[in-house]
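Have the sequence and the 3D view open side by side.

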Amino acid sequence: MSKKYTVRNHKKHEHIFNHVENISQFCQSLESWGDKTLYVWKEHGEKKSLTFTEFTAMVYRFADGLLRIYGQKDPVLGTRLNENVRIGIIGETSPYWVAAYMGILLAGGVAIPMDKELDPAVTGEFLASVDATCLIHSGTFNETFRNLPVSHPSVKFTVSFESAEDAPETCLAFGKILALGEEAGADFDTIRQTLLDLPIDNERLAEMLFTSGTTGSSKCVMLSQKNIYAAVTSADTSVDFSADDVIVSVLPIHHTYELCCMMAAINLGITVCINDSLRHVLNSFKEYKPTGLVLVPLFVNTMFKKILSEAKRSGKDKALSGGLKIAGVLNKLGIDVSEKLFGEVRAAFGGNLKKIICGGAALDPSLIPIFESMGIALYEGYGITECAPLVAVTPYYARKCGSIGPSVPCCEIRIDGTQVDEDGRVIGEVQVKGDNVMLGYYNNDEANAAVFTEDGWFRTGDVGFVDKNGYITITGRMKSVIVLDNGKNVFPEEIEEYLSKIELITESVVVGRETEDGSIKLTAVIFPNTALFEEKFAGQETDIYKEIQKEITALNKKLPSFKQIHKLEFRKTEFEKTSSKKIKRFLV
């Protein structure tokens with residue numbers, strides 16, 4: 001039933017950016033952009049901005065302050081911190097968060113980005129598990145972590161980006177740390193040069209990341225600076241972004257996908273505007289007028305559903321459908337009519353949006369030509385935390401809908417499997433080897449033994465195939481595969497993609513449920529779109545469950561028998577998700 005979608009490719013051009021291998025080179029790369037605006041954000045409703053020069057000065061001063069706090073009285077005579085200095089960072093996306101992260105790396109410590117949605121007790125347990133000595137947090141966590149150093153087994157002090165007047169002695173102000181070097185009589189040029197001259201071991205531990213899960217199931221990924229900047233440089237090599245672009249940061253900054261893309265963006269000299277709340281995201285688009293975005297598929301799907309619902313509400317749904325068909329045909333001929341036909345739609349996203357990088361989960365390939373018709377290019381990427389995280393991205397100059405593209409320059413991939421599909425392609429686990437692959441899991445020999453092959457390749461746990469041109473297609477997760485009684489393997493992600501096209505379904509998860517006779521039946525667990533149902537069937541004698549059943553019956557007729565859905569389960573609330581908007585399948 002798979003349908004092939006085609007899309008116009010964009011002209012390949014030379015990329016101009018600095019190849020970097022560590023934090024020292026990265027800071028110097030950012031400095032080269034001088035007085036260009038780097039960050040724009042709002043603080044207590046007031047719009048603020050920082051240039052590249054101002055931001056890198058903040059990084060240098062914070063790194064110097066950390067060295068002084070941790071005993072390097074005179075950094076000129078000292079060395080960088082050792083990898084036992086582990087510092088957590090938690091809070092909303094801000095220039096201060098990024099400066100703290102970079103400052104930790106520059107000082108030689110280990111940065112631990114933390115999920116701000118975690119229960120504070122779990123945050124404390126995670127920090128204790130790696131013997132973190134400090135937690136840096138935003139002002140919103142002042143009360144939450146006020147007494148953390150008092151009872152915590154390893155955290156000795158906290159740092160607040162916006163400390164309260166009655167803050168305890170164990171809570172230091174971010175601004176105070178920035179000023180330590182100056183208070184000690186060191187001028188800025190000396191601080192900067194000293195930090196840049198200190199030797200760096202690119203292969204030493206630099207970052208620790210907790211995979212999603214409970215304290216018992218979560219693993220701690222260890223990354224080196226080589227891992228981090230291999231991914232950053234590969235991202236800059238592979239995407240169609242430049243210093244002329246403006247992006248709006250939407251995703252949580254602690255997540256390795258957003259953090260890597262943030263680092264890659266600012267290395268290119270891009271201006272980053274920061275969205276302050278998901279409730280305000282459309283207002284942020286209108287205000288900041290981005291040319292590009294970094295999103296997960298959930299956001300892209302939501303954007304398109306909003307476009308559809310607005311068109312129906314205003315009676316323009318037929319005009320939208322017709323316009324997409326016309327624009328699609330003309331697009332293939334190299335004629336762009338997106339501004340003329342979809343000016344109103346594009347205005348909702350600021351009017352300048354030209355491209356979206358989409359990763360973190362599977363993207364519905366049918367959306368790529370639809371957005372292209374509206375003048376917005378969708379590029380799908382693939383990564384995993386253990387690979388810092390970038391593994392592959394579809395090239396802007398040679399896209400293939402449904403594929404995540406070839407592997408990026410810093411790594412290579414292989415398929416480990418024996419199953420062959422009808423087109424002669426080997427289906428199996430995607431495995432990775434390269435400079436982006438992690439050092440390993442912290443204090444977890446069993447997990448390390450399981451995740452690396454005997455010849456040193458990282459097992460992603462994702463299943464897919466590679467075509468003759470080296471393009472990778474992911475078909476599902478090994479853990480989520482459903483093995484039926486007849487031995488057939490079903491990847492639920494494929495069925496969920498079909499279900500996502502049914503308007504009355506907001507979200508779905510396909511699982512294998514065991515029946516009374518012991519057989520396994522494909523079951524769709526569905527969160528219905530009740531608002532759309534009420535709008536579409538108001539006053540009619542029907543119910544949403546019957547309407548969804550009709551749609552699924554029609555879908556089953558197009559699917560092979562072993563992929564057909566046999567049971568339905570409905571839920572009244574949306575599925576629980578991670579902070580990166582992935583459904584927690586294990587809870588379904």
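This is a predicted model, so treat it that way as you read. Let's start with threonine 271, which touches Lys36, Thr37, Leu38, Val40, Asp245, Val246 and Ile247, not counting residues up to four places away in sequence.

**Threonine 271**
- You'll find threonine 271 in strand β11, which covers residues 271–274.
- Is threonine 271 buried or exposed? Its relative accessible area is 11%, so threonine 271 counts as buried, the cut-off for buried being under 20%.
- One of its neighbours also makes a polar contact: the side chains of threonine 271 and lysine 36 pair up at 3.3 Å.

**Serine 24**
- Serine 24 sits in helix α1, residues 23–31.
- With a relative accessibility of 7%, serine 24 is buried.
- Setting aside neighbours within four places in sequence, serine 24 is in contact with Leu106, Leu196 and Ile200.

**Helix α4**
- Which residues of α4 (120–129) are buried? They are Thr123, Gly124, Phe126 and Leu127.
- Look down the helix axis and those buried residues of α4 fall within an arc of 160°, so they line one face of the helix.
- The general rule behind this kind of pattern is that an α-helix has 3.6 residues a turn, so residues three or four places apart point the same way.
- The cover over the buried residues of α4 includes β3 (86–90), β5 (134–137), α5 (148–151) and β8 (205–210).
- At the start of α4, aspartate 119 brings a side-chain oxygen to within 2.7 Å of the backbone nitrogen of alanine 121.
- After α4 comes aspartate 131, which has a positive phi near 60°.

**The second largest pocket**
- The second largest pocket has a volume of about 510 Å³.
- It is lined by 20 residues, and the closest to its centre are Ile307, Glu310, Ala311, Glu344 and Val345.
- Which elements give two or more residues to this lining? They are α11 (281–288), α12 (297–313), α13 (317–332) and α14 (338–347).
- Helix α12 supplies the largest share of the lining, with six residues.
- By residue type, the lining of the second largest pocket splits into eleven nonpolar, three polar and six charged.

**Lysine 521**
- Lysine 521 is partly exposed, because its relative accessibility is 31%.
- Beyond its neighbours within four places in sequence, lysine 521 is in contact with Val511, Gly512, Arg513, Thr515, His566 and Lys567.
- Alanine 179 is 342 residues from lysine 521 in sequence, and their C-alpha atoms are 64 Å apart in space.

**Backbone spots to check**
- The peptide bond from alanine 388 to proline 389 is cis, with omega near -10°.
- Proline 389 lies in the loop between β14 (377–383) and β15 (390–393).
- Histidine 44 has a positive phi near 55° despite not being a glycine.
- That histidine 44 is in the loop between β1 (37–43) and β2 (46–51), and at 68% relative accessibility histidine 44 counts as exposed.
- Asparagine 443, also not a glycine, has a positive phi of about 50°.
- Look for asparagine 443 in the loop between β18 (440–441) and α16 (445–451); asparagine 443 is exposed, with a relative accessible area of 67%.

Conventions
Residues are numbered from 1 along each chain as its sequence is written. This is a predicted model: local features need pLDDT of at least 70, side-chain atom pairs count only at pLDDT 80 or more; totals for chains, interfaces and linings use all residues. Side-chain values use heavy atoms; hydrogens and water are left out. Buried means under 20% relative accessible area, exposed over 50%, partly exposed in between (1.4 Å probe, protein chains only). Helices (H or I, at least four residues) and strands (E, at least two) are DSSP runs, numbered from the N terminus. The arc is that of the directions from the helix axis to the C-beta atoms. Contact means heavy atoms within 4.5 Å. A polar contact is a pair of N or O atoms within 3.5 Å; within protein, one must be able to donate a hydrogen and the other to accept it, and residues adjacent in sequence count only if both atoms are side-chain atoms. On a 1 Å grid over the protein atoms alone, a cavity is a set of points where a 1.4 Å probe fits but cannot get out, and a pocket is an open set with protein on both sides within 12 Å along at least five of seven lines; lining residues have an atom within 4 Å of a point. Grid points are joined across faces, edges and corners, and a volume is the space filled by probe spheres set on the points. Ala, Val, Leu, Ile, Met, Phe, Trp, Tyr, Cys and Pro count as nonpolar, Asp, Glu, Lys and Arg as charged, and the others, Gly among them, as polar.
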